[in-house]
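The following note sets out numbered comments for a colleague. Please read them beside the model.

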Amino acid sequence: MREHTITALWEEIPDDADDLVLVRGGFRVYLCLCGTQLRDRTAAELHAMETGQCTTCLGSKTEDIVPGYSQGCTSCAGSGRRRTQLQWQLAHAEAETAIGVEAVRAVIAPLAGPFRLSEVADAVRDALGLPVGRLPVGPRVRDILRGLEASGELVMVSAPDELLRGTSVVLYRDPSWEHVPR
């Protein structure tokens with residue numbers, strides 16, 4: 001049986017490049033261990049799908065976020081496999097259905113000071129009676145909190161944990177928010 005893990009080689013990205021370039025066009029060439037050279041990200045994802053590999057990490061088990069920084073693939077839970085990726089996508093869709101904005105608002109309404117993402121996610125899980133590990137509660141709660149921040153209800157009060165590419169690409173591990181005073 002042939003191995004199918006696709007490696008992406010970064011091209012040089014200028015310092016003045018915007019975030020869209022980093023996300024969409026920062027690679028020059030993709031190579032698969034089976035010997036196939038793939039011309040772009042679309043071809044690499046298609047090859048990964050055809051060979052049962054995760055289309056996010058391309059079977060490598062890690063996501064290359066920016067040159068010099070990678071993390072375990074969140075799409076396939078670090079397995080590199082397409083089946084696991086599909087299971088996680090279904091779990092994310094189920095979390096979107098089970099965890100609504102009003103449930104998160106109900107949890108954060110009585111909080112007076114700053115609150116952390118992990119605290120809110122645990123409280124939402126408890127309030128809805130969701131078992132640990134069944135659904136991606138943290139990512140769903142994070143998305144809702146970011147939406148509330150964008151609408152002006154909350155303000156993020158955390159400093160980034162890491163600056164991955166200056167101040168344009170930053171990493172927050174467990175950010176804190178607080179209510180905007182009315």
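1. The crossing of helices H5 and H6 is right-handed, a crossing being right-handed if the near helix is turned clockwise from the far one by less than a right angle, and left-handed if anticlockwise. From H5, Leu117, Val120, Ala121, Val124 and Arg125 make the contact, and from H6, Val137, Gly138, Val141, Arg142 and Leu145; contact means heavy atoms within 4.5 Å. By class, this contact holds seven nonpolar, one polar and two charged residues (Ala, Val, Leu, Ile, Met, Phe, Trp, Tyr, Cys and Pro count as nonpolar, Asp, Glu, Lys and Arg as charged, and the others, Gly among them, as polar).

2. The model is predicted: local features need pLDDT of at least 70 and side-chain atom pairs count only at pLDDT 80 or more, while totals for chains, interfaces and linings use all residues. Residues are numbered from 1 along each chain as its sequence is written, and side-chain values use heavy atoms, with hydrogens and water left out.

3. Helix H5 (residues 117-128) packs against H6 at an angle of about 115°, and their axes are 9 Å apart. Axes are lines fitted to C-alpha atoms, for helices over the stretch in contact, and angles run from 0 to 180 degrees between N-to-C directions. Helices (H or I, at least four residues) and strands (E, at least two) are DSSP runs, numbered from the N terminus.

4. Three strands form an open sheet in the order E6-E10-E7, with antiparallel pairing; two strands pair if DSSP finds at least two bridges between them. Strands E6 (115-116) and E7 (154-156) are at the edges with a single partner strand each, so one side of each has no neighbour in the sheet.

5. Helix H6 (residues 137-150) lies across E6, E7 and E10 and runs at about 110° to E7.

6. Thr55 is in the loop between helix H2 (41-50) and strand E4 (62-66). Thr55 counts as buried because its relative accessibility is 15% (buried means under 20% relative accessible area, exposed over 50%, partly exposed in between, with a 1.4 Å probe and protein chains only). Not counting residues up to four places away in sequence, Thr55 touches Arg41, Glu45, Ala48, Met49, Arg82 and Gln85.
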